[in-house]
Amino acid sequence: MHITIQNTNLVRGNSIVKNEAEEDIYFVKGKLKIFSPTRKKFINDAQGNTIYTIRNKWFRFLFNSAIIKDSQGNKMKLKTKMSFKTFYTLTGAGYNYTVGKNPDGYGVAIFKDEQVIATFNKYGSGFVNDRYNVDCANEKDVAMVAAIVIAVDNISDKNKKDIYSN
């Protein structure tokens, strides 16, 4: 299944997740960046129910990380990994996800129990018009994959802010 995650509002960090038929499947609502230093975002389904909440970790030591909280209250931490093959690991709530280089070529892959479940590439200017094209192997993993991609985007935006503010 192919999905697209497209930023729609630079100030809030809102996005829309669309399927290959260009139908909206998830809506990402962010808080105003001035009121949310952790860049808190809510992934809502078509009925408006929040299925994931994503925010950057408040205090950090050397590396930025993000917290993903599902609708049942389970918290997972997406943290930077010091490796050439793996960029991030997701720990907590019985999940075993990693984000790293795509073994089949260009882009980034999301692994679940060491099996590739999704690949994604970033398109756009990287400042105003972030867009991610995501290919997901299984339809039941789409919500989690979207949450991981948005958390990775949150961390990379925070890293860019840290670089440019120095």
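Student: How much space lies in the largest cavity?
Tutor: About 50 Å³ of space lies in the largest cavity. Please note that this is a predicted model.

Student: Which residues line the largest cavity?
Tutor: Its lining consists of Ile-5, Gln-6, Asn-7, Ser-15, Lys-41, Asp-130, Tyr-132, Ile-150 and Asp-153.

Student: Which elements give two or more residues to that lining?
Tutor: Those elements are strand E1 (2–9) and helix H1 (142–165). Strand E1 gives the most, with three residues.

Student: What is the lining like by class?
Tutor: The lining of the largest cavity has three nonpolar, three polar and three charged residues.

Student: Let us change topic. How many aromatic pairs does a search of the whole structure find?
Tutor: The search finds one aromatic pair. Phe-120 and Tyr-132 form this pair, and its geometry is edge-to-face. The separation is 5.9 Å centre to centre, with 65° between the planes.

Student: Where do Phe-120 and Tyr-132 lie?
Tutor: Phe-120 lies in strand E11 (residues 115–123) and Tyr-132 in strand E12 (residues 131–136), so the pair ties together parts that are twelve residues apart in sequence.

Student: Is Phe-120 buried or exposed?
Tutor: Phe-120 is buried, because its relative accessible area is 5%, and the cut-off for buried is under 20%.

Student: What about Tyr-132, buried or exposed?
Tutor: Tyr-132 is also buried, with a relative accessible area of 6%. Tyr-132 links our two topics: this residue is among those lining the largest cavity, and it belongs to the aromatic pair with Phe-120.

Technical notes. Residues numbered from 1 in each chain as written. Predicted model: local features only at pLDDT ≥ 70, side-chain atom pairs only at ≥ 80, totals over all residues. Heavy atoms only, no water. Phe/Tyr/Trp six-rings, centres within 6.5 Å; stacked < 30°, edge-to-face > 60°. Helix = DSSP H or I, 4+ residues; strand = E, 2+ residues; numbered from the N terminus. Buried < 20%, exposed > 50% of the residue type's maximum accessible area, 1.4 Å probe, protein only. 1 Å grid on protein atoms, 1.4 Å probe; cavity = no way out; pocket = protein on both sides within 12 Å on 5 of 7 lines; lining within 4 Å. Points joined across faces, edges and corners; volume = space filled by probe spheres on them. Nonpolar A, V, L, I, M, F, W, Y, C, P; charged D, E, K, R; others polar.
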